[in-house]
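Subject: Structure handover

Hello,

Please find the structure below. My notes on it follow.

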Amino acid sequence: MRGGRRRRPGRPGHAVILTVVGCAGTVPGPDAACSCYLLEHAGYRLLLDLGTGALGPLQRHADPCAIDAVVISHPHRDHYSDLIPLAYLRDRRGAAKRLPVTAPAGTAAHVVNPAAPPAYAGALDWRTPPAEPRPFGPLTVTTAPVVHSVPGVAVRVSADGASLTYSGDSGECGELLDLARGTDVLLCEAAASVRTPGASETHLTPVQAAGLAREAGAGHLVLTHLRPWADPLAALRDAREVYAGPISLAVPGLRVMV
């Protein structure tokens, strides 16, 4: 088939489940918080990003004190701003352990004022992105640097032979393509579906996201990070001109079995 590849037989008892918590690009929309994606596998809960407004809807899907780890793709507020509210909530509710937060170097200084950190900021345990595959509970996480206006990473999460690759925010680059090769689900930003200054170099269009899915041999493309004023149906039509595999539009509450 043109674009995409045949998916391996599912193993529901061992699946990685993706839940879209927030998917709006840059600012929250009327129906969506900014970027936040919950991955669950064998009782382990991993967040990919926690952007503006995401802590509220997260509580519909998981107890914030039961989140096991967070990976932040890059230090822009629409990807990290609700970390501090999460730290406050976990601290005040007496979470049993500090929360590991993996993020590009320098992100912590964006999130927490180093000159006057609040006491509850200690609920976050900062770590650097792994250069090689690293276990996160029953998951394996691999990152790769991508092209953006600040240091950023794309993230591949694997378990039991299945994988999801999250682009973070990125322009076209070989590192993202290499990370995404053969992935079952490509969760890919398409913020450049509308023209904004600098977007063409640091974000992807729906056509570029679809081209990435096709070239990588991804099994399922999930388009995300559309700006609130974008036309999602137009983005979907554009992507379908390039990639013939399954395509979903990220919306809050969407669940995908990887």
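What is the order of the strands in the open sheet that includes β7 and β13? The order is β7-β8-β9-β10-β11-β12-β13, seven strands with mixed pairing. Its edge strands are β7 (134-136) and β13 (247-249), each of which pairs on one side only. From one strand to the next, the twist averages 25°.

Some notes on how to read this. The model is predicted: local features need pLDDT of at least 70 and side-chain atom pairs count only at pLDDT 80 or more, while totals for chains, interfaces and linings use all residues. Residues are numbered from 1 along each chain as its sequence is written, and side-chain values use heavy atoms, with hydrogens and water left out. Helices (H or I, at least four residues) and strands (E, at least two) are DSSP runs, numbered from the N terminus. Two strands pair if DSSP finds at least two bridges between them.

Within this sheet, β11 (residues 185-189) and β12 (residues 220-224) pair in the parallel sense over five bridges. E189 stands opposite T224 in β12. Helix α7 (residues 206-216) lies across β11 and β12, at about 155° to β11. Helix α8 (residues 232-240) lies across β12 and β13, at about 165° to β13. Contact here means heavy atoms within 4.5 Å. Axes are lines fitted to C-alpha atoms, for helices over the stretch in contact, and angles run from 0 to 180 degrees between N-to-C directions.

A further open sheet, also of mixed pairing, has seven strands in the order β6-β5-β4-β3-β2-β1-β14. Here β6 (124-127) and β14 (255-257) are the edge strands, each pairing on one side only. Strand β1 (residues 17-22) runs antiparallel to β14, and three bridges join them. I17 stands opposite M257 in β14.

In helix α3 (residues 83-92), the buried residues include L83, I84, L86, A87, L89 and R90. Buried means under 20% relative accessible area, exposed over 50%, and partly exposed in between (1.4 Å probe, protein chains only). After α3 comes G94, whose phi is positive, near 70°.

How many disulfides are there? The count is zero, where a disulfide is a pair of cysteine sulfur atoms within 2.5 Å. The sulfur of C23 is too far for a bond, because the closest cysteine sulfur, in C34, is 9.3 Å away. For C36 the closest cysteine sulfur is also in C34, at 10 Å, too far for a bond. C23 is buried at 8% relative accessible area, and C36 is buried at 0%.

Regards
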